[in-house]
Amino acid sequence: MADMSGMSGMSGISGAPTHAPCVSGDSPFAGLPDLAAMLGTSPTRALPEEPATPPASGMPGIPGGNAECAAPHASPVPRPSPHGDLAAQFGTAGIGVCVFDPAGQLLYMNGRMADLLGCGPEDIPSLFCARMVGLEGTADVLALFLRVASGQDEGGSVRKRFLRGDGGTMLASVTLYAVHDALGLPLHVVHLVRPLDRTDRGSDRPDIQARRRFDDVPFPVGWSATDGAHAPGTARPDRYRAALHLIAHATLHEPEPDGLALAFARIFRSLLPGEPPQLVVYPGDGSRTVYASADAAGRRDAAPPCDLAARVYLRGETVRVDADELRELAELGECLLPDPVPAHWLGVPLRTRTGEVLGAIVCRVEGEGDADRVDRAEAQALPRPAPARPRPDFSAEDRRLLELVSGHVADALAARRDLGRRALDEVRFRASFMDAVAGMALLDAGGRLLAVNRAFEAAFGYPDGVLAGTELRDLLPPDVAGQALREFGGLWLSVSAIRAAAGMGEATGAMVETSWPFLRADGEKRWMQQSLRILTGEAGHPPCALLQVTPLEGGNGRAGRDPAARDEERMTQTAFHDVLTGLPNRVLLLDRVESALKRARRHDHYRFAVLFLDIDRFKVVNESLGHRAGDELLRLFSDRVLPCLREVDTLARCGGDEFAVLLDDVEDMAEVGTIVERIQDALRTPFPVHDTEVYMAASIGVVVRARQYTSAEDILRDADLAMFRAKESGKGRYELFDEDVVPAAPDKLRRENELRRAMERGEIELYFQPVVSLRTARITGLEALVRWNHPELGLLAPSDFIPLAEESGLIYHLDRHVLELGCASVRALRERAGPAAEFALNLNISARSFRRWNMVESYSAVILESGCNPLDVRLEITESLLLTGVDSVTDKLWKFKELGVSLVLDDFGTGYSSLNYLRQFPMDMIKIDKSFTSRVHEEKAAYGIVQSIVSLGRGLGLGVVAEGIERPEQAEVLLELGCLYAQGFLYSRPLPFDRIVKVLERRSPLPLSAG
């Protein structure tokens, strides 16, 4: 007989402190596998002895190791320390062994168990960890473990599928029994694992193969594979208790909502028959998240409105149907028919204790004809052979068990969701509270400041973190504290009254507003407007008070002001300040300029300057977006300009979109130029007006020799004249007023005559800039750009003569002349390139020419008479053209489309209403303005704008061309955003006709900087 001293620590399985009964036919352990054989030894032959390893055979109270069968002369062996030498007992066992304490924490794992699972003890800290939970048999094992660990059961065997470290699974027989201490209490629980796959492997008989496949089917806890009925081995209360234990463990150990939902999905996987159950959660935003045990994360998608899970969620009722009932519901239009159609389907709502439904638990048993398809779909996740016969329906017990645990799951998910929302709300509140412009403080029932924001402490002149914890009374001057208490009616600032407010429901939420002087940190009295409101506390928390203070204008040292004095101050403020922006008005500005003029006469070293600003294209904003948007733009404009000035300077609104600046006490004229450039740089950033980004500039007139004037009115007049000169020379410029420069201004009449003769003499020329594909760098089109080859001034850019043509009315004749030159160039280029070449010529048309009554007939005649193909012509119009006369503009555009001419919208994004009107016009292409593309590689705002324009163009089926590309980084970003075409100096500068012909004849990708 084998020596059993090495297993003495395992005595007392039945609960006896010193002696265990032998295992017999009527023993509680009858029918369990022979433990000695499971441990890899024979009950009648000891293992070869080794110096450091006691033999692992024989165990009191187990077959092959009972005390009555031992040698007669064997002496009793004393009980070892509580945990014993587990490695010595189980280290050489031939099956997997884990030892857990009664709380489920792992004490020991032998090497065979590590080999079976493909992981070490560090991966399995407890019986409730993720690796041990989720596959079939889990709840059965845990129910048995809870009974054994609590002393209610001596042990037993169940079947469970384990997840291996390589992603595969292993079906095994699990035997559990307890080792007791001297008092008969469970000391630890032994967990023995024998793989069933290995036992069944090796026989090729068909009946064995069929039985092995059938045994591998993941039946739920208590499900019998022989008769389709619930086995009596695991009662529903045990399954329910095991499930609750798993839910509680997952709730405590999964901090993230997604991880918690996936843990619950793994738990349900072991409770029910059929396919792995799913948790479907609806956050309420039209989407859903599906959690399955085999997934690493939830799958979020749009929620189908008519599927069965949505039906359970919306109605809050359990649904249990078979395949025929599903088809009937689908025929009635009450749900979508799943594909494949399951044989049985069960859905239980996730309802919290408050009645809120979060989603549904969805279970299904696959149909007999769909088994192969489902098996193929899940081959990579959890491979399970098909059953030999259809799986049974969900029983009433399954439904009841699911309904019992679903409430706990819903409460856990709702609590985790609400916790995240509260944390986010707290972050938002703290951010809004601390960064609020108005000074705010929270007071407790005793009048103590619980929390104050930065503006509150700044209003009182204290550094951050000083006032929290102080009393509000300490901030009131003693001479007015009593009067303040009387004005508040003895309610809000009285310490006793604030305490009493906790029991006065009618006072909760009331607010009192007044203004009184407060004491600043330096002892100065400061008048402040204050509002005090009592806030209702949450359950179990007393109410608190919210105090908001706002310093009053001119309130320093004004103790004892009466209402009449405040009204007079208000009237004075209105008389000398602009109501919309709060800036000084023209009256106050003239007064300050007059004072500066007198100071300059008294002091020779004193200098000052005056700026006159006019917002360019403000009328377009006002008419397209409305007057409210115009008012908002004026306020934003003043806020943008003010930081560019010094403290001694004055910004005033003179009326409409005109502003003026008094630059007081400037050291030299260079400082004036620096301030003007600072203003222009600040205005380059777009203004957010009513969800629209508006790009604006200002024309600025400057008077620097102000001390020579006799009146402030004359200074403003000349600054205004200089502003008009700046506006005539182009938008966003500034001009210095100087009387000596005025006579030298070019004669407009003479320049108009020169322009008329230039068209007759052939001085108007076209230069061509290629439009290239960003993918291949090959030329796909050209844009014709007009130049004036002036006999005296040389080659003039469009900005030097187009404004003159518009002002003199020559713009229509100039546009028609350019169209004639362009059509002739198209015909010549087509003859050289051949009919198969893909290119078109873009020709610009001004808004004034387009509005001419016979414009379509005139231009169509030019195109047809030139002999060029209209398909080779693209007309570019500016975005501002779309803002006026929608019906007439649309009619003209369609006429050009019928002719075969393509239409291009130029400078897209610089206007204000194109997003509303673009879909009404038959455009073929849009061009992104250079103001966006020049910063697309380095500015987040420009990147977002270009991304939106590209997406909009592609969504409308339009071609998108980026203008002004000068750097390779810009081209890379644009191609990444989906823009396919571009033009700019990176590829070529505008070239004359003879040079562009040579470029086209090369028929090769355009090298960088080819021009």
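**A strand and its neighbours**

Modeller: In strand β31 (residues 959-962), Gly959 and Val961 point one way, while Val960 and Ala962 point the other way, and all are buried. Buried means under 20% relative accessible area, exposed over 50%, and partly exposed in between, with a 1.4 Å probe and protein chains only. Strands are DSSP runs of E with at least two residues, and helices are runs of H or I with at least four residues, numbered from the N terminus.

This is a predicted model, in which local features need pLDDT of at least 70 and side-chain atom pairs count only at pLDDT 80 or more, whereas totals for chains, interfaces and linings use all residues. Residues are numbered from 1 along each chain as its sequence is written, and side-chain values use heavy atoms, with hydrogens and water left out.

Strand β31 runs parallel to strand β30 (residues 925-928), and 4 bridges join them; two strands pair if DSSP finds at least two bridges between them. Within this pairing, isoleucine 928 stands opposite alanine 962 of β31. Strand β32 (residues 981-982) is also parallel to β31, joined to it by 2 bridges. Here tyrosine 981 of β32 is the bridge partner of valine 961. Between β31 and β32 the chain passes through helix α31 (residues 968-977), and this β-α-β crossover is right-handed: with the strands pointing away from the viewer, the path from the first strand over the helix to the second runs clockwise.
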